[in-house]
Amino acid sequence: MKRVLLVVLGIVLFFSFAELTTASSATDNQAEKNANELTGKNLPPYVEAARKQLCEELHPECVGSEQIRYIKNIEVFFSEHCITNPVDQDLYREQQAFVFSYKFPIFLNGDYPSFQLASKEYLRNPSFVVALAGIIRHERVHSNNDPSEVHGYGAEIQYLERMQKKGKFENGEAYLAKVKSLYGQYVTDKIANGSIPVSFAPGQPSVESSVPQQSNCEISQVR
Ligand SMILES: [Zn+2]
């Protein structure tokens, strides 16, 4: 039986950015005027700041703005990518970032509460930018055909520690400890390496697709 499995990788599990700040506020109800996936010049300033920082710090690992998709509304994303299974949807809702099939682009879940907070606070608290740059570096590892969470979290931790040593990751200790804790779980195999395996049926359109044909969604429901 041949079945196409698309694996969701590079999942950064439920890291609250709360450690990096004391402030919190309501969600941004900015009118949706663009497509649901922002990329290139349309990336939110917070995301672009993190991307640029990674490029400046580690030039060989620079991720292009076109290689990132910032999802404005995760429900619309499900619809556009024919992700119809409620279990799969729940998995995505809990993720800050992921890639499909070990390749670019890197998807950032803009509906994730941490992103909404960080988008407002990053100018006052540059540690948010560092945290996101670390996440982008993590996902970059997976985007290069590497499913290893040890490698992903390893790269992320290395980046956060590098910035901490430079005095650019203020109040980042608790956040870093959380990332290290999860890394440790992968190292000791408490969590199976290679991400949470989620299978999607054939028919899932590529990210280049806009709103998929109805037939794609019908196919994707055959599991
Ligand atoms: Zn990962």
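Me: Of the contacts between residues at least 6 apart in sequence, how many join residues at least 24 apart?
Reply: In this predicted model, 72% of those contacts join residues at least 24 apart.

Me: What's the secondary structure made of?
Reply: Eight helices and five strands. Going along the sequence, the pattern reads β-β-α-β-α-α-β-β-α-α-α-α-α.

Me: And how much of the protein is buried?
Reply: Buried residues account for 37% of the 223 residues.

Me: Which residues have the most contacts inside the largest nonpolar core?
Reply: Ala50, Ile106, Leu108, Leu132, Ala133 and Ile136. That core has 42 residues.

Me: Ile136 was on your list. What does isoleucine 136 touch, leaving aside neighbours within four places in sequence?
Reply: Isoleucine 136 is in contact with Ala50, Arg51, Leu54, Val63 and Ile106.

Me: OK, on to helix packing. How do H1 and H5 sit relative to each other, perpendicular or parallel?
Reply: Their axes cross at roughly 65° and come within 8 Å. Angles of 65 to 115 degrees count as roughly perpendicular, so H1 and H5 are roughly perpendicular to each other. H1 passes H5 in a right-handed crossing.

Me: Which residues make that contact?
Reply: On the H1 side there are Val47, Ala49, Ala50, Arg51, Gln53 and Leu54. H5 brings Val129, Leu132, Ala133, Ile136 and Arg137. By class, the H1 and H5 contact has eight nonpolar residues, one polar and two charged.

Me: What about H5 with H6, parallel or antiparallel?
Reply: H5 (residues 127–143) and H6 (residues 149–165) have axes that come within 8 Å and cross at roughly 150°. Anything over 145 degrees counts as roughly antiparallel, so that describes H5 and H6. H5 passes H6 in a right-handed crossing.

Me: Which residues meet there?
Reply: From H5, Val130, Ala133, Gly134, Ile135, Arg137, His138, Val141 and His142. Facing them in H6 are His151, Gly152, Tyr153, Ala155, Glu156, Tyr159, Leu160 and Met163. The H5 and H6 contact divides into nine nonpolar, five polar and two charged residues.

Me: Then H6 with H7: left-handed or right-handed crossing?
Reply: H6 passes H7 in a left-handed crossing. The axes of H6 and H7 come within 9 Å and cross at roughly 155°, so these two helices are roughly antiparallel as well.

Me: Which residues are involved in that one?
Reply: H6 uses Glu149, Val150, Tyr153, Gly154, Glu156, Ile157, Leu160 and Gln164. H7 uses Leu176, Val179, Lys180, Leu182, Tyr183, Tyr186 and Val187. In the contact of H6 with H7, ten residues are nonpolar, two polar and three charged.

Me: Quick one on H4. Which of its residues are buried?
Reply: Ser114, Phe115, Leu117, Ala118, Ser119 and Glu121.

Me: And what do the buried residues of H4 pack against?
Reply: They pack against H1, E5 and H5.

Me: Which residue has a positive phi of about 65°?
Reply: Tyrosine 102, which is not a glycine. Tyrosine 102 is found in the loop between E4 and E5. With 18 other C-beta atoms within 10 Å, tyrosine 102 is partly exposed. A residue needs 20 or more to be buried.

Me: What about cysteine 82, what's phi there?
Reply: Phi is near 55° for cysteine 82, again a positive value in a residue other than glycine. Most residues other than glycine have a negative phi.

Me: Where is cysteine 82, and is that residue buried or exposed?
Reply: Cysteine 82 lies in the loop between helix H2 (74–80) and helix H3 (86–93). Cysteine 82 counts as buried because 23 C-beta neighbours are inside 10 Å.

Key
Residues are numbered from 1 along each chain as its sequence is written. This is a predicted model: local features need pLDDT of at least 70, side-chain atom pairs count only at pLDDT 80 or more; totals for chains, interfaces and linings use all residues. Axes are lines fitted to C-alpha atoms, for helices over the stretch in contact, and angles run from 0 to 180 degrees between N-to-C directions. Helices (H or I, at least four residues) and strands (E, at least two) are DSSP runs, numbered from the N terminus. Angles under 35 degrees count as roughly parallel, over 145 as roughly antiparallel, 65 to 115 as roughly perpendicular and the rest as oblique. A crossing is left-handed if the near helix is turned anticlockwise from the far one by less than a right angle, and right-handed if clockwise. Two residues are in contact if their C-beta atoms, placed from the backbone, lie within 7 Å. Ala, Val, Leu, Ile, Met, Phe, Trp, Tyr, Cys and Pro count as nonpolar, Asp, Glu, Lys and Arg as charged, and the others, Gly among them, as polar. A nonpolar core is a set of buried Ala, Val, Leu, Ile, Met, Phe, Trp, Tyr and Cys residues joined through C-beta atoms within 7 Å. A residue is buried if 20 or more other C-beta atoms lie within 10 Å of its own, exposed if 12 or fewer, and partly exposed in between; C-beta atoms are placed from the backbone.
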